[in-house]
Amino acid sequence: RLQTLVDDLMSLSRVEAEKHDQPREPLALTPLIKQAARDGAGHERFERVHFHIEDEALRVRGDHRQLEQLVRNLVDNALKYGGENEPVDVSLRHGERDMAVLTVRDYGEGISAEHLPHLTRRFYRTDPGRSRAQGGTGLGLAICKHIVERHRGRLDIDSKLGDGTTVTVRLPLIPEAE
């Protein structure tokens, strides 16, 4: 567990150090999301992941490694906190203002409203005992937030008690003419 904490701290440091360095590599989102979701779920949980890809051709400028980490973290969290046998929906669509919209939705117990503004803070936990028992470091969503910001995107978390949690990531698309 200590190694996971060290890895997450190193990852957060790298993302913060690169935050002003906008990624330039053109990336196809669909294969990246599918592979990262598979990695985040692992073999034993992958059957619970359901994909809803509306546009297979969406591309962004990005850091492949970081965007994979973003999706892995979001899918792992949704599977961990979303109810033991509940599905996790991973969706991708072309949103308003030429943004790719990635959503990861779980059907767990949800998060009360007072916690939502704090979820991307380092080491913030809604239930410290449960998070630690499930192997969390309290850094995953902080890392996700910094990755999204580096990619000039936006991360939103919506949740209702008894109705699960949806994390929405918006990333600027590469114009189709390019």
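Trainee: So which residues does threonine 30 touch, leaving out those up to four places away in sequence?
Mentor: Threonine 30 touches Ile53, Asp55, Glu56 and Leu92, where contact means heavy atoms within 4.5 Å. Before we go on: this is a predicted model, so local features need pLDDT of at least 70 and side-chain atom pairs count only at pLDDT 80 or more, while totals for chains, interfaces and linings use all residues. Residues are numbered from 1 along each chain as its sequence is written, and side-chain values use heavy atoms, with hydrogens and water left out.

Trainee: Fine. Is threonine 30 buried or exposed?
Mentor: Buried, because its relative accessible area is 2%. The cut-offs are under 20% for buried, over 50% for exposed and partly exposed in between, with a 1.4 Å probe and protein chains only.

Trainee: And what does its side chain reach?
Mentor: The backbone oxygen of glutamate 56, at 3.3 Å. Threonine 30 itself lies in helix α2. Helices here are DSSP runs of H or I with at least four residues, strands are runs of E with at least two, and both are numbered from the N terminus.

Trainee: Zooming out, how many helices and strands are there?
Mentor: 5 helices and 7 strands. Along the sequence the pattern reads α-β-α-β-β-α-β-β-α-α-β-β. The protein has 178 residues, and 48% of them count as buried.

Trainee: What's the strand order in the open sheet?
Mentor: β2-β4-β5-β7-β6, so 5 strands with mixed pairing, where two strands pair if DSSP finds at least two bridges between them.

Trainee: Which strands stand at the edges?
Mentor: β2 (49–53) and β6. Each has a single partner strand, so one side of each is left without a neighbour in the sheet. The twist averages 15° from one strand to the next.

Trainee: What does helix α2 touch on that sheet?
Mentor: Helix α2 (residues 29–41) touches β2, β4 (88–95) and β5. Its direction makes about 170° with that of β2; angles run from 0 to 180 degrees between N-to-C directions, and axes are lines fitted to C-alpha atoms, for helices over the stretch in contact.

Trainee: How many bridges join β6 to β7?
Mentor: 6, and the two strands run antiparallel, with β7 covering residues 165–172. Serine 159 has threonine 165 as its bridge partner, and arginine 154 has arginine 170. The hairpin has 5 residues between the strands, and glycine 162 takes a positive phi near 85° there.

Trainee: Where else is phi positive, say in a residue other than glycine?
Mentor: Arginine 97 is one of them, with phi near 55°, and aspartate 98 also has a positive value near 55°. Most residues other than glycine have a negative phi. Arginine 97 is exposed, with a relative accessible area of 76%.

Trainee: New topic: how do α3 and α5 pack?
Mentor: α3 (residues 64–81) and α5 (residues 140–150) pack at about 145°, with their axes 9 Å apart. The residues of that contact divide into 8 nonpolar, 5 polar and 1 charged. Ala, Val, Leu, Ile, Met, Phe, Trp, Tyr, Cys and Pro count as nonpolar, Asp, Glu, Lys and Arg as charged, and the others, Gly among them, as polar. Among the residues that meet are Leu67 and Leu70 in α3, and Ile143 and Ile147 in α5.

Trainee: Last one, tyrosine 107. Where does it lie?
Mentor: In the loop between β5 (99–106) and α4 (128–133). Tyrosine 107 counts as partly exposed, at 32% relative accessibility.

Trainee: Which side chain joins that of tyrosine 107 in a polar contact?
Mentor: That of aspartate 89, at 2.3 Å. A polar contact is a pair of N or O atoms within 3.5 Å; within protein, one must be able to donate a hydrogen and the other to accept it, and residues adjacent in sequence count only if both atoms are side-chain atoms. Proline 87 is 20 residues from tyrosine 107 in sequence and 6.9 Å away in space, C-alpha to C-alpha.
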